[in-house]
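Here's a quick tour of one protein model.

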Amino acid sequence: MSKACQITGKRAMIGNHVSHSNHRTKRTFNVNLFEKKFYWVEQECWIRLKVSADGLRLINKIGLDAALKRAAEKGYLGV
């Protein structure tokens with residue numbers, strides 16, 4: 001599975017590592033991902049998601065069901 005948040009859609013970015021002599025080499029900026037289990041009350045089951053720290057804050061703010069609906073509308077989930 002890729003390094004992407006299933007709630008917000010955040011992915012790893014590519015940029016430059018710049019040394020003191022201004023020499024540039026390619027590097028990746030990875031997402032702060034966690035694999036978490038959530039209890040989905042509406043379906044009465046446990047689900048496992050790869051979620052970024054921003055995705056966790058979104059779930060705490062609007063709830064799991066609303067966050068899953070939003071992610072499915074935007075195409076981040078395979079639901």
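Predicted model: local features only at pLDDT ≥ 70, side-chain atom pairs only at ≥ 80, totals over all residues.

Strands here are DSSP runs of E with at least two residues, numbered from the N terminus.

- Gln-6 has a relative accessible area of 15%, and buried means under 20%, so Gln-6 counts as buried.
- The Gln-6 side chain gets to within 2.9 Å of a backbone atom, namely the nitrogen of Lys-50.

**The two sides of helix 2**
- Helix 2 runs over residues 64–74, and its buried residues are Leu-64, Asp-65, Ala-67, Leu-68 and Ala-71.
- Why do they sit on the same side of helix 2? Because they cover an arc of only 165° around the axis.
- What do the buried residues of helix 2 pack against? Their partners are strand 3 (33–40), strand 4 and helix 1 (53–62).
- Just past the end of helix 2 comes Gly-75, with a positive phi of about 85°.

**A nonpolar patch on the surface**
- Tyr-39, Val-41 and Trp-46 together make a nonpolar surface patch of about 360 Å².
- Trp-46 belongs to strand 4, which spans residues 45–52.
- Is Trp-46 buried or exposed? Its relative accessible area is 56%, and exposed means over 50%, so Trp-46 is exposed.

Key
Residues numbered from 1 in each chain as written. Heavy atoms only, no water. Patch = residues over 30% accessible without salt bridge, like charges linked within 9 Å, V, L, I, M, F, W, Y side chains within 5 Å. Areas by Shrake-Rupley, 256 points an atom, 1.4 Å probe, with all protein chains shown as cover. Salt bridge = Lys/Arg side-chain N within 4 Å of Asp/Glu carboxyl O. Helix = DSSP H or I, 4+ residues; strand = E, 2+ residues; numbered from the N terminus. Buried < 20%, exposed > 50% of the residue type's maximum accessible area, 1.4 Å probe, protein only. Arc of directions from axis to C-beta. Contact = heavy atoms within 4.5 Å. Polar contact = N/O pair within 3.5 Å; in protein donor to acceptor, adjacent residues only side chain to side chain.
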